[in-house]
Amino acid sequence: MRFARGRLPKEFFMKTQKNKPLLRFLRYSSRQKRQIYLASFFSVINKIFDIAPPFLIGAAVDIVVKKQNSMIAQLGFIAQETQLIFLAVVTVVVWALESITEYAEKIYWRNIAQNVQHSMRIDAWRHIQNLDMSFFEKYSSGRIMSIINDDVNQLERFLDVGANSLIQIATTVVIVGGTYFYISPKIAFFTMLPTPFILIGAFYFQNKLAPRYADIREKVTGINERLTNSLGGITTIKSYTTENWEVEQFRNDSESYQESNKQAIRFSSAFVPVIRIFILIGFTSVMLLGGWQTIKGTMEVGVYSVLIFLTQRLLWPLTGLAQIVDLYERAMASTTRILNLLDEKSQVTSPPNARVIDISHGDGKVEFRNLNFAYEDKKVLDNVNICAEAGQSIGIIGPKGSGKTTLMKLLLRFYDFSEGDIQIDGVSIKDFDLQSLRRNIGLVSQDVFLFQGTIKDNIAYGTPNATMQEIKKAAEIAGIDSFIDTLTQGYDTIVGERGQKLSGGQRQCISIARAIVKNPPILILDEATSAVDNETEAIIQKSLEEISRNRTMIMIAHRLSTVRNANCIFVMDNGKVAESGTHEELLNNKQFYSRAWRVQTGER
Ligand SMILES: Nc1ncnc2c1ncn2[C@@H]1O[C@H](COP(=O)(O)OP(=O)(O)OP(=O)(O)O)[C@@H](O)[C@H]1O
C-alpha cells in the first residue's frame with residue numbers, strides 16, 4: 001500500500017488507533033514477565049535513591065539551623081560534627097546504592113529490549129516462512145524487510161528508555177506527592193495542580209502523533225520497496241539508462257518520508273514548551289506559598305528547602321513525558337505493523353490428522369481430476385484432466401499463459417483449488433501433511449533462484465547431508481560438471497547474489513543438479529532447460545533417462561524436443577487440455593502440437 005504524501009485514508013487512522021497495540025504488545029511480551037518485574041523493581045528502587053538527595057540537603061540545613069534540636073540529633077547524635085559525619089555516611093551509602101540499582105535497572109531493561117526484539121524478529125520470520133504464496137503477492141519484499149528490520153528496531157529505544165522513564169516518573173509522583181501532602185497539603189495541592197493538565201496534554205499529543213508515526217512507517221516501507229525493486233532490476237536500469245529517473249523517484253520517496261517526519265516533529269517539539277508553562281505555575285506556587293509560611297515562622301527553613309528541591313524533582317521529569325510519548329507512539333506504530341504481520345493467517349494448511357506421505361521411488365501416480373482454478377476472479381484452469389502414471393514421464397506444452405505452471409503450483413499446494421482434485425496414488429493432496437507433500441516433489445522452476453554462497457551449497461540446498469560424491473554426480477547428470485571443473489575454486493566458487501556471476505544456462509543446470517540431489521519420487525521440470533544451449537540440452541536429454549528412472553516426471557516446455565520422448569504429452573490451451581497423446585499420435589493429429597513441431601524443426 002502506498003500513499004500520496006500527507007494524504008492517508010481515514011480507515012488507516014482508524015485501524016492504527018483501534019487495534020490496541022500496547023495491549024497486544026504486552027501480551028506478546030508476557031514471556032519476559034519475570035525480567036520485566038525485576039527491571040521495574042530496580043527502576044522503582046533506583047528512583048527512591050535518586051530522590052533522596054533533597055532530603056539529605058534538608059537534613060544538612062536542619063543540622064546547621066537547629067543544631068542539637070535537629071532531626072538527626074533525635075537519633076542520638078548530639079554534637080553537630082557527629083551529625084554531619086553520620087549524614088555524610090548516609091549520603092555515600094545512598095549514592096552507592098543508586099549507582100548499583102541504576103546499573104541493574106539499565107542491564108535488565110536493555111536486555112529485555114534485546115530479547116523482545118530478537119523473539120519478534122524470529123517469530124515474524126518463522127511466521128512469514130510458513131505463509132502462503134498469496135501473502136507474498138500482497139506484501140512486497142520491501143515491506144517485509146522494513147517490518148523485520150526497521151519496525152523491530154524501533155522498539156529498542158522505547159523499551160530501553162521509555163518504559164523505565166515511565167515507571168520512574170510514576171514513582172516520583174507517588175513519593176514526592178506523598179511527601180508534600182505529609183508536609184503541607186495546601187502546598188501539595190498547588191504543586192500537583194499542573195499534573196492533570198500535563199497528563200491531558202500527553203494524551204492530546206499522543207493522539208496527534210499516532211497517525212503521523214503510522215504514516216512515517218509507511219513512508220519507510222516506500223523507500224525499502226523502491227530500493228529492493230531497483231536493486232533487483234539494476235540490469236534493466238542500466239540498459240535503459242534510467243539511472244537519473246531512478247534517483248528522482250528515490251528523491252520523491254525520501255522527500256515524502258522527510259515531510260512526514262517534519263509533521264511529527266512539529267507536534268512532538270511543541271509538547272515540552274506547553275508542559276513547561278504548567279510546571280512554572282507549580283514551581284512558583286511552592287516558592288511563594290512556602291516562602292510566606294517560612295517568613296511567618298509556620299514552616300521550618302529545612303522543610304522549605306526540601307520542598308523547593310522536591311518541586312524541581314517532581315515537575316521537571318514530567319517534561320520527559322514528551323520524549324516518552326514520542327517513543328511510545330513510534331514504538332506502537334511499529335508494533336501494530338509487526339503484530340498485524342504475525343496475525344496473517346495461512347489459507348493453505350495441513351488438515352487435522354494429516355497423512356505424512358512417503359512415496360517410494362517408482363510409485364507416485366499424479367492425477368489432476370476435473371480441476372478448476374481461478375486466481376481471485378480470473379479463471380485459469382477449466383476442467384483439467386491429466387494423469388501421470390507412477391514412474392512415467394509426461395510432457396505439458398501450450399502457449400504462454402495457458403495454465404501450465406499453475407498446475408504445478410497447485411500440485412505443490414502453493415494455492416488451493418476449490419473444484420476438482422489432485423491425487424497422488426489415489427489420495428487427495430489436501431489430505432497430506434503439507435511439508436511431507438512438498439518433500440516428495442522436486443521442482444526445477446522456470447524462475448531459477450540461486451542463493452548467495454558456493455556452487456556446492458546451492459546444489460546441496462535442501463539436502464544438507466548430501467555427500468560431495470552425490471553433488472558431483474548430480475552436476476554431471478545436469479551437464480554442468482565440466483564447467484565447474486574449469487573454475488579455480490571449483491565447487492567452492494561463490495555464485496554471487498541470485499547467482500549473478502553465472503550465465504542463465506549455468507544457473508538452470510545447477511538448479512537441475514539441486515533437484516537431482518534431493519532425489520524426489522516426483523519431479524517437475526518447468527521450462528528447466530529453456531536457457532541452456534543446444535549442446536547442454538542434448539546432454540540433459542541423454543541424462544533424462546537416468547533422471548526419470550524410478551520416478552514420476554512432469555516436464556513443461558516450449559521446446560518440444562524436451563518432451564518428445566514422454567509417455568504422454570498434454571497440450572494446454574487457455575486453461576483446458578486441448579490435445580493429448582504420444583509424440584507420434586500428436587503429430588498425426590495435425591493440430592497445435594504438429595504445427596508447433598513443424599515450426600520448431602523447420603519442416604514445412
Ligand atoms: N499469482 C497470480 N495471480 C493472478 N494471475 C496469475 C498469477 N499467476 C499466474 N496468473 C495468470 O494465470 C494464467 C496462467 O499462468 P501460468 O503461469 O500458469 O501460465 P503458463 O502456461 O505456465 O505460461 P508460460 O508458458 O508463459 O510460463 C496467466 O494468464 C497469468 O497471467
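Mentor: Start with the word "annotation". UniProt annotations may be inferred rather than shown by experiment. Keep in mind, too, that this is a predicted model.

Trainee: Which residues does UniProt list as "transmembrane region"?

Mentor: The unreviewed entry lists residues 36–57, 77–97, 161–181, 187–205 and 270–295.

Trainee: What makes residues 77–97 and 187–205 helix or strand in the model?

Mentor: Look at the percentages. Residues 77–97 are 86% helix and 0% strand, and their end C-alpha atoms lie 24 Å apart. Residues 187–205 are 95% helix and 0% strand, with end C-alpha atoms 29 Å apart.

Trainee: What does UniProt list over residues 38–330?

Mentor: The unreviewed entry gives "domain: ABC transmembrane type-1" there. In the model, this span is 90% helix and 0% strand. Its end C-alpha atoms are 25 Å apart.

Trainee: Why are α4 and α6 called roughly antiparallel?

Mentor: Check the angle. Helix α4 (residues 80–129) and helix α6 (residues 141–183) cross at roughly 160°. Angles over 145 degrees count as roughly antiparallel. Therefore α4 and α6 are roughly antiparallel to each other. Their axes come within 9 Å, and the crossing is right-handed.

Trainee: How do you know which residues of α4 and α6 make the contact?

Mentor: Contact needs C-beta atoms, placed from the backbone, within 7 Å. On α4, the residues include W109, V116 and M120. On α6, they include I148, L155 and L159. The contact divides into 15 nonpolar, three polar and five charged residues. E105 of α4 is one of the contact residues, and Glu counts as charged.

Trainee: Why are α7 and α10 called roughly antiparallel?

Mentor: Use the cut-off again. Helix α7 (residues 185–192) and helix α10 (residues 243–296) pack at an angle of about 160°. That is over 145, which means that α7 is roughly antiparallel to α10. The axes are 7 Å apart. This crossing is right-handed.

Trainee: Which residues of α7 and α10 make that contact, and what makes them nonpolar, polar or charged?

Mentor: K186, I187, F190 and T191 belong to α7. G282, S285, V286, L289 and G290 belong to α10. They divide into four nonpolar, four polar and one charged. Watch G282 and G290 of α10. Gly counts as polar here.

Trainee: What meets in the contact of α15 and α17?

Mentor: E470, I471, A474, A475 and I477 in α15 meet A513, I516 and V517 in α17. Seven are nonpolar, none is polar and one is charged.

Trainee: How do you know where the predictor is confident?

Mentor: Read pLDDT, which runs from 0 to 100. The protein's mean is 85, and 96% of its residues reach 70 or more. Over residues 1–18, though, pLDDT is below 50. That stretch has 17 contacts beyond near neighbours in sequence. Where pLDDT is low, the predicted coordinates should not be read in detail.

Trainee: What does the model score for ipTM and pTM?

Mentor: The ipTM is 0.96 and the pTM is 0.79.

Definitions and conventions: Residues are numbered from 1 along each chain as its sequence is written. This is a predicted model: local features need pLDDT of at least 70, side-chain atom pairs count only at pLDDT 80 or more; totals for chains, interfaces and linings use all residues. Helices (H or I, at least four residues) and strands (E, at least two) are DSSP runs, numbered from the N terminus. Axes are lines fitted to C-alpha atoms, for helices over the stretch in contact, and angles run from 0 to 180 degrees between N-to-C directions. Angles under 35 degrees count as roughly parallel, over 145 as roughly antiparallel, 65 to 115 as roughly perpendicular and the rest as oblique. A crossing is left-handed if the near helix is turned anticlockwise from the far one by less than a right angle, and right-handed if clockwise. Two residues are in contact if their C-beta atoms, placed from the backbone, lie within 7 Å.
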